[in-house]
Structures are given as C-alpha cells and as structure tokens.
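Here is a short report on one protein model. Look at the structure first, then read on.

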Amino acid sequence: MALAAGAFALPVVVAAGLPAAATPTGRALLHDAPAWTASAKALGAAPAGKIVNFSVAIAPRDAAGAQAFADAVSDPHSASYRHFLTPEQYTARFGATNADVAAVVNWLQGAGLQTGAVPISNSYVPVTGSVAAVNKALGTTIKSYSRNNQNVTAPASALTVPSVLAGRVSDVLGLDSSEIYRTGAKVSPNGASAGNVTCSTYWGENTNTSYIPAPAPLSGNQPNRACYTPSRLNAARGIPATGKTGAGVTVGNVLWCDSPTIPSDLNTWAAQVGAPAFTAGQYTSQDPATWDAYCTNQANVDGTMVETALDAEAIHGAAPDAKIIYAPAAGPYSNYLLTATQNLVNANQVSIITNSWGGAESNSAWLHSVYVQAASQGISVMASSGDDGDNTYSNGSASKARPSADYPASDSQLTSIGGTSLGIDSTNSTLFEQAWYDVISRSSGTTWTSDVFYGASGGGKSAITSQPSYQTGIVSSTFSGKPAKRAYPDIANIADSQTGYVVGVTQAGAYTTLTVGGTSLASPYTAGEVALAVQTKGARLGFLNPKLYQNRATAVSDVSGSTVNRGTEGKWKNPSTGTYIEPTTYFLNGMSLLPSSQQSVAGWDNITGLGAVANASNFITAIQ
C-alpha cells in the first residue's frame with residue numbers, strides 16, 4: 001500500500017508476499033501470505049483448536065497529518081521545531097477514534113476471538129483465539145510448514161477484512177511463527193587459550209606468539225582481540241571532557257525476556273570495571289504480565305540476557321547517571337515487540353529508546369507509526385543496523401545470497417547505528433577506526449583455509465521505504481538505488497567484537513565476563529552519548545536525523561578505505577556445532593576479501609553511514 005508522504009517522506013510500502021487470489025465480495029485485501037510459503041513444504045492445515053496470540057494494528061485517523069507533524073517538530077528550519085506533544089494530545093489529534101477501535105473489536109469478538117486491553121494510543125488490539133476463529137476472521141487458512149528444519153505455522157493465503165474496516169485495520173502481526181527477531185551480539189569468553197591471554201585491555205597489549213603467522217594479506221603474528229572497559233572507551237571518545245553524566249535523563253531499551261539476576265549482575269560488573277554503581281531505582285524493568293513460551297526456556301533467556309546486560313552496561317558506561325527502563329517484550333515476535341515499544345512511548349517517561357534487535361524486512365514498516373508518535377513526543381529512537389552486513393553471508397560462510405534489508409534498522413523514522421573497528425592504545429588514544437567488516441581464515445595449526453565471512457555492520461537499502469528527504473543529495477544512487485530508497489545506517493560507533501566491550505552477566509547460573517561486540521554495542525553506547533546531549537540541552541531532542549544530516553561535518557568523523565592492514569588471532573566458535581577452531585585469523589576492514597555490495601568510501605556509505613561518533617563534544621554540539 002502507498003502511504004501519503006510528508007516533508008521527510010512517509011514510507012511507500014510495497015506488498016512482498018504471494019500473489020493474491022481475487023478478493024471475495026464484501027472483503028478488503030490486507031496483505032498477502034508470506035512469500036516463503038510458496039516454496040516451503042506444507043504439512044497440512046494447522047490444528048483448528050490451536051491457540052494463537054497476535055495483534056491487529058489500527059490505522060491512525062490522519063496518518064499523513066501525523067507524519068507531517070513529526071516532520072515539522074524534527075525540522076530545524078520549521079517554526080514548530082521541538083514543540084512536542086504529550087501522548088494524550090497526539091492520540092486526540094491523530095490517533096484512531098474510539099468508534100474505529102470499537103468497530104475493530106466488535107468484528108474480532110464476533111468471529112469468536114478474545115480481545116485484550118487497547119492502549120491509550122488506540123493503535124492496536126491484542127488478540128487471542130483458535131486457528132479456526134482466525135481463519136474465519138481473516139478469510140485465510142493457517143497451515144503448518146517445515147521451514148529451516150523447524151515446524152512453523154503461517155497464513156497460506158491472503159489476509160482480508162470486512163470491507164467496512166478497509167482503512168481502519170492496517171496490519172496483523174504475529175501469525176507467522178517463523179518470523180522470530182534476533183539479537184546480533186558477537187560474544188567471546190574471556191580467559192586463557194593456547195597458553196595466551198585472549199583479551200587485551202588495549203590494542204596490541206598481547207599477541208598470540210604460539211600461533212602460526214597470519215595468512216596474506218597480513219603477515220606475522222597478530223594481536224589478541226581487545227576488550228575495553230568503559231573508562232578506556234570513554235576517554236578515547238572524549239566523554240570526560242563533556243563534563244556530563246546523563247543525570248536527569250532516562251533511556252528506554254526494548255528487547256524480550258528477563259532475568260532476576262540482571263540488577264545484581266550490573267553492579268558486579270560495575271565494580272569489576274571501575275564504573276559507578278547503579279543506585280536504587282536507576283535500572284528498572286517493566287515486564288509483561290505473562291511470557292511467551294520462548295521466554296520460559298532458560299537457554300533462550302541466557303542467550304538474550306547477554307544482550308540485555310550489554311545494553312544496560314553500554315548505556316551506563318557512557319552515561320553513568322542516566323536512568324534505564326528495560327521494556328522487554330513477551331517474546332521475539334512482532335506483536336509482542338509492538339506492545340513493548342508502544343507501551344514505552346505511551347508512558348512517555350524516556351527521552352531516548354534504543355533497540356538492539358532486528359530481522360528481515362517484511363511487507364510493512366510495522367513500527368513506523370509508533371516511531372512517528374515517538375518523534376512527535378520528542379523521543380529519540382535508534383536501532384542497531386545489524387551484524388551480518390548486507391545479509392548476503394552468514395557467520396562462517398562464503399556462500400553468497402541476494403542483499404536484503406533489516407528491520408527496524410531500515411525504518412526512516414529512527415537513527416540507524418552501524419559499526420566500526422576501533423583500536424585504542426595504552427594512553428587511551430585512538431590508533432585507528434575502520435568500517436566493521438570481519439572476514440576470517442581458520443587453521444589446523446599448519447595451513448589456513450580460504451576466507452569466509454564472520455560479521456559486519458548491517459547496511460543497505462530498504463525494499464519498501466522511499467528515500468527520506470534528509471538523505472536527498474547526501475546518499476548517492478550507488479547506495480539508494482533508483483528510484484531512491486531509504487539507505488542505512490545513518491552513523492556508526494564501536495561494534496567489532498575484536499575491539500569489543502567487557503560485559504558481565506549470569507549464564508547457566510554463574511556470573512561470567514565476556515567480550516561483546518556488534519551493532520548491539522553501538523546502538524546503546526550511542527544512546528548513552530545522546531543522553532549526555534539531552535542533559536546538556538536540558539530538554540528532549542526528538543528525531544535526530546534531520547539535524548544530524550544537516551550538521552554531519554561536525555557531528556561525526558568520516559570513515560573510509562578498504563585496505564586490510566589490521567587483524568587479530570584467536571579462536572572462532574562454529575555456530576553450527578558450538579566447537580572452537582583455533583587459531584583463527586580475523587581480518588579487520590575485510591570487505592575487499594569477499595564480493596559485497598558494501599563499501600567504505602568517503603562521504604556516506606552503507607557500512608558507517610555519515611561516519612563515526614568519534615568525539616562526544618562535537619557530537620553533542622551538533623545534535624542539540
């Protein structure tokens with residue numbers, strides 16, 4: 001569907017599912033079945049009595065007006081710049097009417113479905129019911145499929161709604177059980193390996209001399225990966241010179257699952273790395289009343305808690321006096337993530353929201369209207385750009401697929417944060433900063449394998465969202481395509497796990513420290529730096545991109561070049577088997593070693609965007 005454009009261009013959404021059959025009389029097409037169902041093995045109709053949870057999104061009464069308002073309060077040249085609304089004012093002006101909500105609820109209940117509480121934004125209805133009732137309500141058939149060696153369920157045909165609800169119902173989220181969102185943190189355990197310390201506190205502190213020399217284009221033994229403490233990273237970024245700590249600012253973080261050990265883990269970590277302790281009430285969780293089955297599995301919880309700890313510890317590292325509200329979704333599915341995000345925006349307690357999760361871009365920018373509301377309230381939203389580059393490769397593979405975008409990183413109403421490799425020396429000076437694109441070669445001890453992909457800053461262009469005006473004339477058609485689409489990321493920060501961050505978290509019942517990287521580090525650390533800017537301004541900053549692109553020359557430092565002249569040697573965990581291969585050479589800035597659509601060039605590029613947040617004072621001044 002095509003949505004009306006405002007000054008910064010509301011997304012143009014193009015259906016990307018199976019071709020729909022003729023829409024039955026009295027029904028309106030909502031969207032097609034997921035495209036993957038055409039080639040997946042169907043296992044038959046899903047059991048009629050199977051209970052599913054999903055959400056029905058309700059369209060705002062004035063989407064174009066809402067977008068235009070969000071554009072105006074985000075535009076430094078507008079008379080409305082930073083004249084924000086409360087959630088109640090926003091809903092009264094732009095949200096769905098109570099009559100619209102009642103019509104949707106009555107339809108769902110009439111089909112035999114149970115509806116939950118509608119939020120104050122009137123933006124969606126949480127729904128529970130049987131597959132039979134879902135099929136009746138949406139004119140589809142939910143089938144079971146085998147996909148990626150998993151049994152999943154999804155609509156086998158287009159979703160339709162009664163014609164009288166056309167334009168009122170905007171989306172249905174959560175019916176495709178294969179659509180699981182993911183965190184992308186790159187994790188390495190700290191400890192001894194092959195007789196060497198595997199984690200250096202600064203770049204070049206230790207070298208694995210027991211390994212064979214690294215393969216070309218490097219030579220000789222390479223240093224261990226670095227694992228920085230907040231004080232070292234902050235010094236390199238110039239945070240102490242700002243004199244700010246994030247006092248009086250609250251940062252929100254959206255993920256899924258939770259653990260009772262996180263609060264104690266945060267203070268154990270703070271004591272270990274020399275960061276200020278969390279004070280009472282500085283970190284709070286707003287858990288849902290019930291959890292999806294995913295979050296009752298302890299292995300899933302342990303894996304997610306690495307990300308949860310990283311987010312909190314990165315924010316706290318940059319802004320030690322900022323408050324943090326963790327708003328976990330009930331599970332890693334779109335309907336639950338919509339609820340968690342919308343609740344955080346409706347509560348209006350945070351000035352900043354950071355997301356360290358993502359997944360494949362689907363046929364709708366399903367969080368866009370929530371982000372429009374956030375911008376209208378002055379909330380700055382940022383998201384990790386992803387950890388698999390342009391998604392043509394996966395960890396440990398050189399098999400090339402077609403480039404594709406991640407969501408929500410590709411949404412035009414947030415600041416997408418890409419990644420860099422950052423070398424910091426013993427005096428806390430920056431030795432180098434390069435685009436994060438790691439390629440690896442593994443060895444049995446005498447010879448090296450051919451190069452394969454490890455991880456890289458997510459970046460590319462959206463398939464569904466047109467180019468926003470703040471990118472016009474700045475992002476070339478090489479990256480935006482023709483017709484121009486939303487290209488991402490917008491800016492970058494430290495992300496490479498080979499120049500990673502020390503994280504403390506409980507795993508399998510025991511506290512441990514890890515070296516963690518990924519744009520899952522870049523986004524929350526940048527959120528902490530934005531908190532310093534909010535404290536400096538003494539007010540919310542709202543959607544950052546228009547001013548960020550306007551002041552790009554001073555806000556960030558350009559990152560360019562594709563020479564492979566840095567690397568580390570260590571071990572690599574095979575994601576398929578869980579076993580470690582040692583030694584492994586990591587080539588930093590290795591985009592030239594594998595065919596890729598990603599480039600590190602002067603000006604905007606699809607690895608680091610406008611550039612890296614290299615100097616906190618300059619960044620704060622530029623976005624105020």
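## Terms and basis

Two strands pair if DSSP finds at least two bridges between them. Helices (H or I, at least four residues) and strands (E, at least two) are DSSP runs, numbered from the N terminus.

This is a predicted model, in which local features need pLDDT of at least 70, side-chain atom pairs count only at pLDDT 80 or more, and totals for chains, interfaces and linings use all residues. Residues are numbered from 1 along each chain as its sequence is written, and side-chain values use heavy atoms, with hydrogens and water left out.

## Strand E18 and its partners

Strand E18 covers residues 352-355. E18 pairs with strand E15 (residues 250-256) in the parallel sense, over 4 bridges. Here Val-254 has Asn-355 as its bridge partner. E18 also pairs with strand E20 (residues 380-384), again parallel and over 4 bridges. In E20, Ala-383 is the bridge partner of Asn-355.

In a regular strand the side chains alternate between the two faces of the sheet. In E18, Ile-352 and Thr-354 point one way, while Ile-353 and Asn-355 point the other way. All are buried (under 20% relative accessible area; exposed is over 50%, partly exposed in between, with a 1.4 Å probe and protein chains only).

## Helix H8

Helix H8 spans residues 334-347 and has 14 residues. From first C-alpha to last it reaches 20 Å, close to the 20 Å expected at 1.5 Å a residue. The expected span is 1.5 Å times one less than the number of residues.

Of the 14 residues of H8, 11 are buried, so the helix is largely enclosed by the rest of the structure. Among them are Tyr-336, Leu-337 and Leu-338. Asn-348 follows H8, with a positive phi near 60°.

## Aromatic pairs

The whole structure holds 18 aromatic pairs. Rings of Phe, Tyr and Trp (its six-membered ring) pair if their centres lie within 6.5 Å; planes under 30 degrees apart count as stacked, over 60 as edge-to-face and the rest as tilted. Trp-203 and Phe-432 have ring centres 5.1 Å apart and planes at 85°, so this pair is edge-to-face. Trp-203 lies in the loop between strand E13 (199-200) and strand E14 (225-228), and Phe-432 in strand E23 (residues 430-435), so the pair ties together parts 229 residues apart in sequence. Trp-203 is buried, at 9% relative accessible area. Phe-432 is buried too, at 7%.

Tyr-470 and Phe-543 also form an edge-to-face pair, 5.8 Å centre to centre with 65° between the planes. Both are buried.
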